[in-house]
Amino acid sequence: MSFFRVEKLVKRFGGLTAVNDVSFDVKQGEIFGLIGPNGSGKTTTFNMISGTYPPTSGKVFFKGKEIQGRKPNRICRLGIGRTFQVVKPLGRMTVLDNVIAAAFSRESRMPGARKRAEETIAFCGLDPVAGMLAKSLPIAGRKRLEIARAMATRPELLLLDETAAGLNPTESLEAVELIRKIRENGTTIVIIEHIMRVIMTISDRIHAINFGQTIAEGTPSEVAANPQVIEAYLGTDYA
Amino acid sequence: MKKNAVPLVLFAALAAFPLVVTSNYFLHLMILFLLWVVIGSSWNVLAGYTGQVSFGHAAFFGVGAYTAGLLSQHLQISPWWGMALGGFVAVLIGLPFGAICFPLRGAYFALATLALGEGMRHIATISESFTGGMMGIMIMPSFVSKIPYYYISLALALLSVLSIRFVIGSKPGYYFVSIREDQDAAESLGIDTTLYKNASLAISSFWTGMAGAFYMNYMGFIDPHVVFSLHEYSVMAILVAIVGGVGTIYGPAVGAFIMVAVQEFFRSGFFGLFDYLGRTTGMPAFASVSEIVRQAHVLGFGVLVVVVILFLPNGIVGDWGKIRRNVFRIQPTR
Amino acid sequence: MDVFLQTVVAGFLKGGLYALIGIGMTLIMGVMGIINLAHGQLMMLAMYVTFLLNTMGVDPYISLFVAMPVLFLVGVAIQKFLLNPLIKVETILPENQVLMTVGIGMVITEIARFLFKSDYKYVKTDYANATFFLGKISFSVALTIAFAIALAFTAAMFWFLLKTDLGRSIRATAQDKDAATLMGVHTGRITVITFGLGAALVAAAGSLLAPVYYIFPDLGGPFTAKAFIITILGGLGSTVGAILGGVTLGMAESLGATYLGMEYEDIVGLAIFIAVLLFLPGGFKRLTKV
């Protein structure tokens with residue numbers, strides 16, 4: 001039984017096929033990269049996994065259970081956390097309250113939830129800003145808050161959507177460090193990333209898609225050498 | 001305990017009020033004030049905390065009032081039973097309604113509540129054999145003195161505010177605010193948004209229904225145009241919460257005090273000041289000013305809506321910092 | 001059968017006016033993203049303008065051309081000074097613009113009551129009660145003219161939205177405000193013009209309705225409710241939907257009044273509203289896609 005697997009996922013919006021027959025298998029404990037140019041269907045794949053909308057066809061398996069088509073809150077409770085590419089802070093709540101709200105998915109009483117949230121905040125390095133309103137955080141802080149919130153729901157699988165986008169080099173290094181730390185804690189990670197330097201350094205394996213279809217899968221160096229991937233990213237001249 | 005000092009002192013003052021002030025007129029105003037604390041706080045749970053704005057809270061208020069009235073009229077049981085049942089019947093109306101509207105995003109809920117309020121009024125008006133139609137329902141009041149009513153309304157206000165405060169401070173409250181702030185994020189954090197919106201609606205409609213049932217008992221008379229009134233209840237509920245402070249625990253109480261005072265200001269023509277001046281000076285001009293103020297009742301309300309939304313959108317409690325800076329010229333201490 | 005046909009014809013003619021009311025509402029809905037809960041009150045204001053001119057001997061069909069610009073200006077002022085400033089206001093409730101329109105509606109109603117008192121006013125015309133017959137079916141002259149003019153305005157509106165630059169800008173703003181801003185559309189100005197247009201259209205409906213209806217300050221509320229049901233029925237922001245919705249509501253009200261009784265006229269609208277929410281959330285827009 002595989003830990004997490006998507007099988008022949010297809011998503012059509014009207015006449016547009018955003019994701020076409022994508023399958024991959026994620027092993028427990030690895031960092032699995034999902035790459036592809038803009039509009040290639042990465043976020044759509046995430047949205048199908050996390051239940052934002054159901055797939056047109058195809059299946060998603062998590063720990064042997066078929067989970068496609070369930071609502072996002074069910075998916076979260078099963079143990080799959082996610083962050084959003086366009087961050088969605090709960091703006092007029094403090095950073096701590098954001099994370100407490102998330103921690104309530106595992107702890108129904110306040111003291112437990114607060115303790116869990118404080119631990120997560122410390123883990124993610126957010127304690128200096130815990131009392132600030134989420135909307136007043138700068139972008140790096142908001143990205144971190146996305147991760148902290150998802151972690152407070154105690155996911156076994158974490159879906160990270162472009163965590164390093166919009167960060168400066170120092171901040172994105174810090175993000176990479178945090179992601180590694182999360183994996184060391186035993187959480188499996190599927191990550192979408194645009195910044196090649198980031199994804200190539202942290203991923204164990206990479207799955208590349210373009211126009212909604214799989215073009216390559218393998219270790220970072222294998223994928224980086226794949227002519228189709230180079231073509232997708234740099235255009236035909238470089239292939 | 002310092003945090004609770006102000007509410008505790010206020011509560012003691014409210015409990016002692018009838019011992020000090022015996023005037024029926026002021027007792028009546030205080031009862032109205034307490035009633036509005038209940039309704040405003042209820043509206044605030046749903047709109048201020050959960051972000052689901054209702055334009056039809058009169059529906060729940062009226063249903064509560066009619067529950068009490070109809071029980072007494074058809075089954076000859078004490079309308080006080082309506083206090084127990086009014087809230088539940090309001091929830092029974094609210095939940096199917098929420099189940100239909102909440103899955104639809106955007107403005108649908110707000111619009112549908114408007115229709116719910118108006119719809120209930122029409123239903124109460126045309127089902128004459130059951131509700132008495134336009135004639136309304138009249139019952140014999142249980143007490144001659146206003147003091148029992150005062151303490152019942154005080155209990156109602158206290159219970160509603162405290163229970164709401166408790167809910168807001170615990171898991172459902174965090175979930176309500178999360179839904180208000182970002183529904184997608186809330187879902188991704190394991191929050192069943194439809195379920196919790198319904199929970200919020202249930203709390204809100206319950207207390208509003210209780211308030212309605214109390215109103216029936218206290219006033220002894222209701223008709224569809226009184227209790228299902230868009231302006232008198234649905235809009236007033238919104239104003240009470242907004243003036244005081246949306247999304248704050250004690251804001252609606254502050255708003256209720258101000259709005260009942262404003263309402264009385266118009267109804268009585270500057271608290272009878274112009275009438276008094278007219279009598280003492282013998283100048284008829286004062287009487288006509290008084291008449292104009294009385295007629296301008298709804299106009300004043302409308303202007304207040306406009307002004308409050310423009311200049312005080314988060315209410316007195318919510319914009320307290322802004323008020324201190326601009327009105328009292330006090331710089332925030334840090 | 002004759003009764004049925006008669007009812008359908010009456011409903012259809014009324015539906016033409018409702019469509020005009022609905023288009024104004026849906027334009028504002030599309031561009032501003034809010035329901036204008038002062039819509040019926042604006043119409044009431046236009047009816048009083050028509051009434052005032054009528055006391056000076058002006059025909060309602062001529063005062064139409066006074067009422068429309070007047071209400072256009074009123075609409076512009078409301079949007080510019082009362083609604084647009086709210087966009088910048090930081091607040092918890094996203095619906096405070098809708099709430100503002102409730103307040104505006106109350107103020108308009110009370111000002112009308114102050115100026116004209118609560119009693120019913122009538123616009124006096126020679127043709128108010130005139131009818132003509134096609135077969136056994138009678139047609140109200142005033143309503144038929146109103147229907148024709150409503151049709152003309154609707155067509156003009158479509159031409160304006162589809163063919164003119166300003167119309168295109170309005171449609172662009174309705175589709176995606178941010179994108180329209182990036183494309184150089186001055187969206188602040190567009191919202192102001194749109195509210196003005198919406199008010200002018202409902203003013204036209206008011207002037208056309210004046211000869212066959214009575215005028216009183218509280219008439220705004222019920223018509224706001226109608227406008228709002230039409231918009232829900234047609235689909236928020238859909239112009240074609242507003243026409244279909246208007247005609248549907250007109251017919252349904254007529255049928256309800258004939259076969260259920262006059263007191264059910266208003267209930268019919270609410271029943272439609274609930275049915276749409278239950279069975280066709282999104283309204284006719286879901287079917288027509290425009």
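## A tour of the predicted model

Begin with chain A. Of its contacts with a separation of 6 or more, 64% join residues 24 or more positions apart. This is a predicted model, with an ipTM of 0.91 and a pTM of 0.87.

**Stop 1: chain A as a whole.** Show chain A as a cartoon. A compact globule of 239 residues would have a radius of gyration near 18 Å, and chain A has 18 Å, so the two agree. Buried residues account for 45% of the 239 residues in chain A.

**Stop 2: where chain C meets chain B.** Now 30 residues of chain C are in contact with 31 residues of chain B. Four helices of chain C to select, each giving two or more residues to this side, are:

- α3, residues 60-87
- α4, residues 96-116
- α9, residues 220-234
- α11, residues 265-279

Which of them gives the largest share of the side of chain C that touches chain B? It is α4(C), with 10 residues. Colour by class again. The side of chain C that touches chain B has 23 nonpolar, 3 polar and 4 charged residues.

**Stop 3: the nonpolar core.** Select C:Ile21 and C:Ala203. The largest nonpolar core has 257 residues, and these two touch the most other members. Now centre on C:Ala203 and show its neighbours. Leaving out residues up to four places away in sequence, C:Ala203 touches C:Leu42, C:Met43, C:Ala46, C:Ala67, C:Met68 and C:Leu71.

**Stop 4: confidence in chain C.** Colour chain C by pLDDT. The mean is 85, and 98% of the residues of chain C reach 70 or more. Where in chain C is confidence highest, and where is it lowest? Select residues 39-55 of chain C: this is helix α2, the highest, at a mean of 93. Then select residues 285-288 of chain C, helix α12, the lowest at 65. Where pLDDT is low, the predicted coordinates should not be read in detail.

Notes: Residues are numbered from 1 along each chain as its sequence is written. Chains are lettered from A and ligands numbered from 1 in the order in which they are written. This is a predicted model: local features need pLDDT of at least 70, side-chain atom pairs count only at pLDDT 80 or more; totals for chains, interfaces and linings use all residues. The radius of gyration is taken over C-alpha atoms; the globule rule is 2.2 Å times the number of residues to the power 0.38. A residue is buried if 20 or more other C-beta atoms lie within 10 Å of its own, exposed if 12 or fewer, and partly exposed in between; C-beta atoms are placed from the backbone. Two residues are in contact if their C-beta atoms, placed from the backbone, lie within 7 Å. Ala, Val, Leu, Ile, Met, Phe, Trp, Tyr, Cys and Pro count as nonpolar, Asp, Glu, Lys and Arg as charged, and the others, Gly among them, as polar. A nonpolar core is a set of buried Ala, Val, Leu, Ile, Met, Phe, Trp, Tyr and Cys residues joined through C-beta atoms within 7 Å. pLDDT is the predictor's confidence in each residue, from 0 to 100.
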